[in-house]
Amino acid sequence: MSYPDDIIANSLNSPSVFKDSYKLNPDYIPEKLPHRDSKLSELTIAFRDIVADPGKTSVRVVITGRTGTGKTVTSMVFGDRFSKIIREKGIKLQYIHVNCHKQRTLYLITQDIAEQLKLSIPPRGLSSQEVFKIIHDYLDRRNMHIIITLDEFDYFLTTSSMEDIYFLVRLYDELAVTLKRISYLFIVRDISIISTLDKTIKDHIARNIIEFSPYTSDELYDILQDRVKIAFQKNAVTDDAVRFIADTNGFDKGGSGNARLSIETLELSGKIADSERSPIVTLQHAKEANSRINQEASLILDELKYLELHSLLLVKAVINLVKKENRESFPIGKVEEEYTKVCDLFREEPRRHTQVYEYMRRLKLMGIFNTMQSGKGMRGRTTLISLTFPVSQELDDYITKLIGALKNSKQE
Ligand SMILES: Nc1ncnc2c1ncn2[C@@H]1O[C@H](COP(=O)(O)OP(=O)(O)OP(=O)(O)O)[C@@H](O)[C@H]1O
Ligand SMILES: [Mg+2]
């Protein structure tokens, strides 16, 4: 038996497949963004009015797309380069990225903006509106323009008062200024959150929508190969391993098209290879990493086995909606509507409204459904339903099989 110190010293110095594992970190901003060229160009075209006639219009753009489709990284890269190129043309433009999940109130958002401008704001006693006025005066004095990105804007919309949403979005209805120095980029996962907003707000932001589609397996392959080159030792990762990760996550192959998950799987594959003292990352390591990452999902698959028929039909209804509409959450009424169609398809009498709601409540308790109240900025509040796990073809087939099995056992 070895002493712990020996084991630790030994493992510290053992060889690694990694050259620079930081390049796999979610905070790392890569130099290249494969398959997002067209998005960079769409963003540039949307914001170039700022250059044509600075201060004439406040540009508003919405980016939408599922988790891990590169919304945050692409907007950051765009903001950084665009403002640099514009500054070279003699227009002072600063890009400001705010995460609404971290800065949960209008007040915190304005503080964050001021801080990024290196503007000191008296700590207490000022309303957000007053802070915005100070920010605008500051921009006027310096003859500056800013693009504010409100990332994870869904959170702001669902948690803020109507008044705050109005103020932020309709800024120039309330600020009397000659030059509009603030433009916005809103990032949301689910575009339906915008379409249910009040018309007055919607008209201010929904003119320019840029959609980020989930990545296909070939796209993920390119993204992963780029990371393999910069984060791993030469020839340390087999092509099979990369292809496997790309194929299991590719949207075209029933995966979620999520680049974050794919990069995480690549990183874990490397760690598993290291722990086995293998100098290369093999297909086997990638498979092992994938199943560890999907363990949570497999626990849920286990639970599904014990659901009764109509709960399964409800899960199937949400899966259908996710696939049809390329979104993640749906108003409860829409889920019920789809459920009726699914029942029809499986020749089952749909349950009554109150009973369906009871099933939904139980699915939420079991951790299979997530529910969220639609934003205060929306007309008529409604409950939005989403699944707690990603939809794959495999899962869809599995549910269909479970439904078939339950129906058969009923007939016997
Ligand atoms: N085209 C790409 N090229 C290289 N890396 C990418 C690309 N797209 C995404 N990534 C990487 O994938 C990860 C997830 O991307 P990002 O955080 O931008 O996703 P997101 O769409 O903002 O997701 P969420 O909705 O969860 O915030 C990051 O590590 C990012 O660097
Ligand atoms: Mg993001």
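**Notes on a predicted model with one ligand shell described**

1. Start with one helix residue. The side chain of Glu219 reaches the backbone nitrogen of Thr216 at 3.0 Å. Glu219 is found in helix α12. Keep in mind that this is a predicted model.

2. Stay with Glu219 for its other neighbours. Set aside residues within four places in sequence, and Glu219 is in contact with His35 and Pro214. Ser183 is another matter. Glu219 and Ser183 are 36 residues apart along the chain, and their C-alpha atoms are separated by 31 Å.

3. Next, the domains. The domain assignment gives domain 1 (36-212), domain 2 (216-293) and domain 3 (300-411). Where domain 2 meets domain 3, the contact takes four residues from domain 2 and five residues from domain 3. The C-alpha centres of domain 2 and domain 3 lie 32 Å apart.

4. Where does ligand 1 lie? Domain 1 and domain 2 both give residues to the shell around ligand 1, so the ligand lies between them. The shell counts 20 residues. The closest are Thr67, Lys71, Thr72, Arg189 and Tyr215. By class, nine are nonpolar, five are polar and six are charged.

5. Look at the ligand's oxygen atoms. One is 2.5 Å from an N or O atom in the side chain of Thr67. For Gly70, the contact comes from the backbone: an N or O atom there lies 3.1 Å from an oxygen atom of ligand 1. The side chain of Arg227 has an N or O atom 3.0 Å from an oxygen atom of ligand 1.

6. How much of ligand 1 does the protein bury? Taken alone, ligand 1 exposes 630 Å², and the protein buries 95% of that. Three helices deserve a look here. The elements that give two or more residues to the shell are α4 (71-88), α12 (217-231) and α14 (259-275). Helix α12 is also where Glu219 is found.

7. Last, a sheet. Three strands form an open sheet in the order β6-β8-β7, with antiparallel pairing. β6 (330-331) and β7 (369-373) stand at the edges. Each has a single partner strand, so one side of each is left without a neighbour in the sheet.

8. Now the pairing of β7 with β8. Strand β8 covers residues 383-387, and β7 pairs with β8 in the antiparallel sense over five bridges. Which residue in β8 is the bridge partner of Asn370? That partner is Ser386.

Notes
Residues numbered from 1 in each chain as written. Chains lettered and ligands numbered in written order. Predicted model: local features only at pLDDT ≥ 70, side-chain atom pairs only at ≥ 80, totals over all residues. Heavy atoms only, no water. Pairing = 2+ DSSP bridges. Helix = DSSP H or I, 4+ residues; strand = E, 2+ residues; numbered from the N terminus. Near = heavy atom within 4 Å. Polar contact = N/O pair within 3.5 Å; in protein donor to acceptor, adjacent residues only side chain to side chain. Areas by Shrake-Rupley, 256 points an atom, 1.4 Å probe, with all protein chains shown as cover. Nonpolar A, V, L, I, M, F, W, Y, C, P; charged D, E, K, R; others polar. Domains from an automatic or database assignment. Contact = heavy atoms within 4.5 Å.
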